[in-house]
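Dear colleague,

Please find the structure below, handed over for your files. A summary of the findings follows it.

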Amino acid sequence: MLWAIYTREDAGFDGDKKQVKMAGLKLGEKYEVRDIDMGSWHTNIYLKGFDKPFNSVFFDFKYKGRFVDIYEDDYERYL
């Protein structure tokens, strides 16, 4: 299971920040990742319990207790 830890509240564009705030994400909390849509300029993270995706810039990621780099690794193996 891949986890997204909300670690950066001042990252992203204004609209991204507003979305995080409206969703009620808590700094330092971890959220289960249900899907990732990785593009060349922007990566969307779909979290369990939320309908809309979030900008990946807000998160660090853990798999089996260790931090992973979803941008360098084959992220699909974590889902």
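K48 is exposed, at a relative accessible area of 53%; here buried means under 20% relative accessible area, exposed over 50%, and partly exposed in between, with a 1.4 Å probe and protein chains only. K48 forms a salt bridge with E32, with 3.8 Å between the closest N and O atoms. The term salt bridge denotes a side-chain nitrogen of Lys or Arg within 4 Å of a carboxyl oxygen of Asp or Glu. This pair links distant parts of the chain, 16 residues apart: K48 lies in the loop between β3 and β4 (54–55), and E32 in strand β2. E32 is partly exposed, its relative accessible area being 23%.

Please note that this is a predicted model, in which local features need pLDDT of at least 70 and side-chain atom pairs count only at pLDDT 80 or more, while totals for chains, interfaces and linings use all residues. Residues are numbered from 1 along each chain as its sequence is written, and side-chain values use heavy atoms, with hydrogens and water left out.

The structure holds 2 salt bridges. Besides the pair described above, the side chains of R8 and D60 meet in a salt bridge, at 2.6 Å from N to O. R8 sits in the loop between β1 and α1 (14–23) and D60 in strand β5, so that pair links distant parts of the chain, 52 residues apart. R8 counts as partly exposed at 34% relative accessibility, and D60 likewise counts as partly exposed at 25%.

As to the overall fold, the protein chain has 1 helix and 6 strands, running β-α-β-β-β-β-β from the N terminus on. Helices (H or I, at least four residues) and strands (E, at least two) are DSSP runs, numbered from the N terminus. Of the 79 residues of the protein chain, 34% count as buried.

The largest nonpolar core has 21 residues, of which L2, L25, L47, F59 and F61 touch the most other members. Such a core is a set of buried Ala, Val, Leu, Ile, Met, Phe, Trp, Tyr and Cys residues joined through side-chain atoms within 4.5 Å. At least two residues of this core come from each of β1 (2–6), β2 (30–38), β3 (43–47) and β5 (59–63). Leaving aside residues up to four places away in sequence, L25 touches Y6, V20, Y31, L47, F50, F54 and F59, a contact being heavy atoms within 4.5 Å.

With kind regards
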